[in-house]
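I set down below what I looked up, entry by entry.

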Amino acid sequence: MTPPPSFEFEAVIVGGTPAGIMTGISVAKAGRRAVILERSAYIGGLPANGLGATDIHTRGATGGLFLEFIGRVKQHYSDKYGADSQQVIDCSDGYRFEPHVAEMILHQMIAEQGDLLEVRTMRQFNHEPSNAIKDGAALSAIKIINRESGAEEIYRAKVFVDATYEGDLAAAAGAPYMLGREGANEYGEPCAGKFYQRWDAPVDEYHSTGQGDNAVQSYNYRLALTDNPANLRRIQKPPTYHREEFVSLIDDVRLNRFAGPPKPLEFDGIGAITNMARLPNDKVDGNNQHAAFISTDLPEENWPYPTASWDWRDRFAQRLRDYILGLFYFAQNDPELPADFRERCNRWGLARDEFSDNDNFPRQIYVREGRRIRGEYLFTAHDALSKRGARAHITSITASHYALDSHACLKREEGRPHTDGIFTYPTTPYCVPYGVIVPLDVENLLIPAPASGTHIGFSTLRMEPCWMALGEAAGIAINVSLDDGTSVREANVIEMQRRLLAAGAVLTYYEDAAPGDDHYEALQFFALRGFLGDGYQANLNQPVSAGDRSNWTSWANTPALASFSGSRGQLLDRIYSEVGKRTDAEQTALYAIAEE
């Protein structure tokens, strides 16, 4: 019997998501060979499949390759349509884009790495432990199925990366993971447990039993919709249409009955069943309508998905597609709905110039939360809610900012005025420590997508800008560890941070400082060590106060600078230069003391 073909790379990345792509690019930029193995025929994850309204609350909180991607989006619309075009206005500085534009740009970024970054599509990893080959605790090879030939392939690497939304590779390799919702008493997080809140209500007006369970927040497809007749494909009745699933919408519309305060424009026709964010070229990103009892999410039925086989997942994906198409068909055609409502709904359809090889429907479902792999650090709600001074992560690999955010876990319940599981809870810009992407119990593996967090903590990490940044950091961690001959678990975080900052990353956010500014790297480095305290103003150009000068030079043990006269930024730069001459062990010990 002929053995399966074997391939060897310095990094093997499972999952062609944006996190996986940024990992591969980051590895390749350092001159190392990496391969991305993607189960489908397409790369790009959700941004290439309808999620065109970028989920980030504070622009500038995340930098690096994510910001490069955003910049390329804006440049594309400017080059193609003109700098003053409506398309440039609608792309919102690159943060809103059409799916095919996201896919095109991600392909361009990959292609620029040449032979160092290879993408192999139609490669399926089945999450049985036998497909993760280990030498003790170290992952050394994986078995992949080539879906085109049906043949098995073996991939060996110095480091592996699980960039799947599901966490399949890490689970197969034996990393512990979490599913469902923690109880309120486990970590003291807001919104924990079984949860009810009127959509758009004040954040503290909610009811939670506090009880944890195995519920997984719902999935959907992000639809590329349009009301432009020249580009509109009418929605047809799906093969498995079940009218009874949608009849509750009739009274909801007639009685103006919703799970949140209806907004007249938002609920004008199709807005009653999908939330719409404007994109360029007369399109919208159609997402779940949280204020509706019935929308594009399909709660409960997805609960088995994270640990199910690919056969089951594929059946669910088809079920979800038929359900969403059935909902739209019902809203546009059912005679028991008011005629004027149906007329307004019929103004919308699928965009003909998107997903042309898939009947204009997205090719990938939105897996908001699969397995959450347990890492060396567990990210909780408190990491996104606390002020910088209290939770400045000395090992930060990116900053980010989005609300704590979950979709429904249960379908509508009779007599309940709200839907279980939906919440949005405001946060502050926060830091993500390296341990979030380093799994327990498995060596030679990083987890930038199925990262380590509670249900509540993960609900903010799970946004694509953060995933992209974690992917870039994973790639830099691989390069640092291979340069130094260490494991990724023991990678030199100080060197990682220096390389991340040189690449334009944001490790902790300031309103008045950005990558490329004078003194920026020194600011980032020392802010993480607690030198600047709370707040989001760095004031780098202001004269340094006597108190700050005394504290900073004392904490950094740089007495020669105790009489320095100049700006805050200039002093930070001088300290940064002096401290950089010390050994890594001395730097690590010094900053650990300063953080305390």
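**Entry 1: Asp441.** I looked up the contacts of Asp441 and found that it touches Lys134, Ala137, Gly174, Pro176 and Arg489, with residues up to four places away in sequence not counted. Contact here means heavy atoms within 4.5 Å. I work from a predicted model, in which local features need pLDDT of at least 70, side-chain atom pairs count only at pLDDT 80 or more, and totals for chains, interfaces and linings use all residues. Residues are numbered from 1 along each chain as its sequence is written, and side-chain values use heavy atoms, with hydrogens and water left out.

I placed Asp441 in the loop between β20 (430–433) and β21 (445–446). Helices (H or I, at least four residues) and strands (E, at least two) are DSSP runs, numbered from the N terminus. Asp441 counts as exposed because its relative accessibility is 52%. The classes are buried under 20% relative accessible area, exposed over 50% and partly exposed in between (1.4 Å probe, protein chains only). I also checked Asp441 against Lys80: they are 361 residues apart in sequence and 49 Å apart in space, C-alpha to C-alpha.

**Entry 2: buried loop residues.** I found Thr164 in the loop between β7 (152–162) and α5 (168–172). Its relative accessibility is 9%, so Thr164 counts as buried. Not counting residues up to four places away in sequence, Thr164 touches Val14, Gly15, Ala449 and Pro450.

I then turned to Glu354, in the loop between β15 (349–351) and β16 (372–373). Glu354 counts as buried, at 1% relative accessibility. With neighbours within four places in sequence left aside, I list Glu98, Pro99, His100, Ala224, Lys283 and Asn360 as the contacts of Glu354.

I located Tyr509 in the loop between α14 (493–502) and α15 (520–527). Tyr509 is buried, with a relative accessible area of 14%. Tyr509 and Gln524 are 15 residues apart in sequence and 8.3 Å apart in space, C-alpha to C-alpha.

**Entry 3: helix α4.** The 13 residues of α4 should span 18 Å, and its end C-alpha atoms are 18 Å apart, which agrees. I noted the buried residues of α4 as Pro99, Val101, Ala102, Glu103, Ile105, Leu106, Met109 and Ile110. These buried residues pack against α1, α2, β3 (117–120) and β11 (223–226).

**Entry 4: α2 with α4.** I looked up how α2 (residues 64–81) packs on α4 (residues 99–111): the angle is about 120° and the axes are 10 Å apart. Axes are lines fitted to C-alpha atoms, for helices over the stretch in contact, and angles run from 0 to 180 degrees between N-to-C directions. α2 and α4 are therefore oblique to each other. Angles under 35 degrees count as roughly parallel, over 145 as roughly antiparallel, 65 to 115 as roughly perpendicular and the rest as oblique. The contact is made by Leu65, Glu68, Phe69, Arg72, Val73, His76 and Tyr77 of α2 and by Val101, Ala102, Met104, Ile105, Leu106, Gln108 and Met109 of α4.

**Entry 5: α1 with α13.** I found helix α1 (residues 18–29) packed with helix α13 (residues 464–484) at an angle of about 30°, with axes 7 Å apart. That angle makes α1 roughly parallel to α13. Among the residues in contact I noted Pro18 and Met22 of α1 and Trp467 and Gly471 of α13.

Notes:
Expected span 1.5 Å × (residues − 1).
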